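Notebook open, model loaded. I'll jot down what I looked up, one topic at a time.

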Amino acid sequence: MEEIPLWYSLAVFFVLGACVGSFYNVIVYRMPRGISLINPPSHCPLCKKHIPLYYNLPIVGWLILRGKSACCKQPISIIYPIGESLCGLLGALSLYAAMGFTTDFWSPVPNLEVWADALALFWLLLGIYPVSAVDFKYKLIPDSISVGGIVAGLIISLIPGGLTPVQSIVGAVAAGGGLYLLGFIASKVLHKDAMGFGDVKLLAGFGAIMGVTRAVEVLVVASILGILIMVPYAKIAEKRAAKKAVQSKASQNKNASASAEADDEGAGQIPFGPFLAVAAPFMYLWGDALKEIYLKFIFGE
Ligand SMILES: [Zn+2]
């Protein structure tokens, strides 16, 4: 391990990230169509022919085929290799950030703590993708991401140098439990469900990966981000709904008015998962720096 230069390890992380991206492509295609992720194995959606493994290689497969399927020469969207490349870059970025953005690409990764950081960031950065997409579209956070985060945190804590396994477990229980309690109190006070259980599990995962203090900081930053973005967004959505209602009144169309009301209801629902997912890697990397700036700002030192 000592002899491997950083550039090589970065390349490996890029490939791992691209493989995750390739898997996401499969999920995005199959889930809405109700096809199992494993069975049937990779096949052409048009002529149903089996696709050999080497054409399924992320990015490379698309380049070899020059964007056309081998079996029936149908064009394959360039979105697929672009998504895989982006995931690859995020994968490499997780190690590069853990190394403190060094310019020395020939030295090896110095210690286990950096590897633990890199793996934690890998999970956080490549988790943003599915959480944001799924939560925005379906208003839910998949268990594979939230509960998976708890498992990932516990596994990473076994690597000496970062969080200890005990800190990881305490982080998961305290962060998840705390948010659950907060949601419970809010729902009693507001008389409506204020917090999804998906958010609770997601934050528990962050607690397992970065400890309870950092997880709470993620919650605070995500809330601020959420307010900054969602309040203007809700205003715009409200205006649009009002406009629609006026239009439908003008045309005396009962159906249009009903649909405008339905839209209005949807505007009140705010997915919180994406904000948690965006805040997490940022705070993992720059939480201390941000706190320092904040304290300086408050105390003017
Ligand atoms: Zn085909």
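I started with helix α9, residues 273-299, which spans only 32 Å between its end C-alpha atoms. A straight helix of 27 residues would span 39 Å at 1.5 Å a residue; that expected span is 1.5 Å times one less than the number of residues. Helices here are DSSP runs (H or I, at least four residues), numbered from the N terminus.

Before going on, I noted that this is a predicted model, where local features need pLDDT of at least 70, side-chain atom pairs count only at pLDDT 80 or more, and totals for chains, interfaces and linings use all residues. Residues are numbered from 1 along each chain as its sequence is written.

Where is the kink in α9 centred? I found it on W286, at about 75°; the bend at a residue is the angle between axes fitted to the seven residues ending there and the seven starting there.

Next I checked burial (buried means 20 or more other C-beta atoms within 10 Å of the residue's own, exposed 12 or fewer, partly exposed in between, with C-beta atoms placed from the backbone). The buried residues of α9 include G273, P274, F275, L276 and Y284. F297 also lies in α9, but it counts as exposed because it has 9 C-beta neighbours inside 10 Å. Just after the helix, G300 takes a positive phi of about 60°.

I get 28 Å between the two domain centres, taken over C-alpha atoms.

What does L276 contact, leaving aside its neighbours within four places in sequence? My list is D199, L202, L203, V218 and A222, with contact meaning C-beta atoms, placed from the backbone, within 7 Å.

Last, I looked at phi. Most residues other than glycine have a negative phi. I59 has a positive one near 60°, and F101 has one near 55°. I59 sits in the loop between α1 and α2, F101 in the loop between α3 and α4. Are they buried or exposed? I59 counts as buried because it has 20 C-beta neighbours inside 10 Å, whereas F101 has 9 and so counts as exposed.

How values were computed. Helices (H or I, at least four residues) and strands (E, at least two) are DSSP runs, numbered from the N terminus. Two residues are in contact if their C-beta atoms, placed from the backbone, lie within 7 Å. Domain bounds come from an automatic or database domain assignment.
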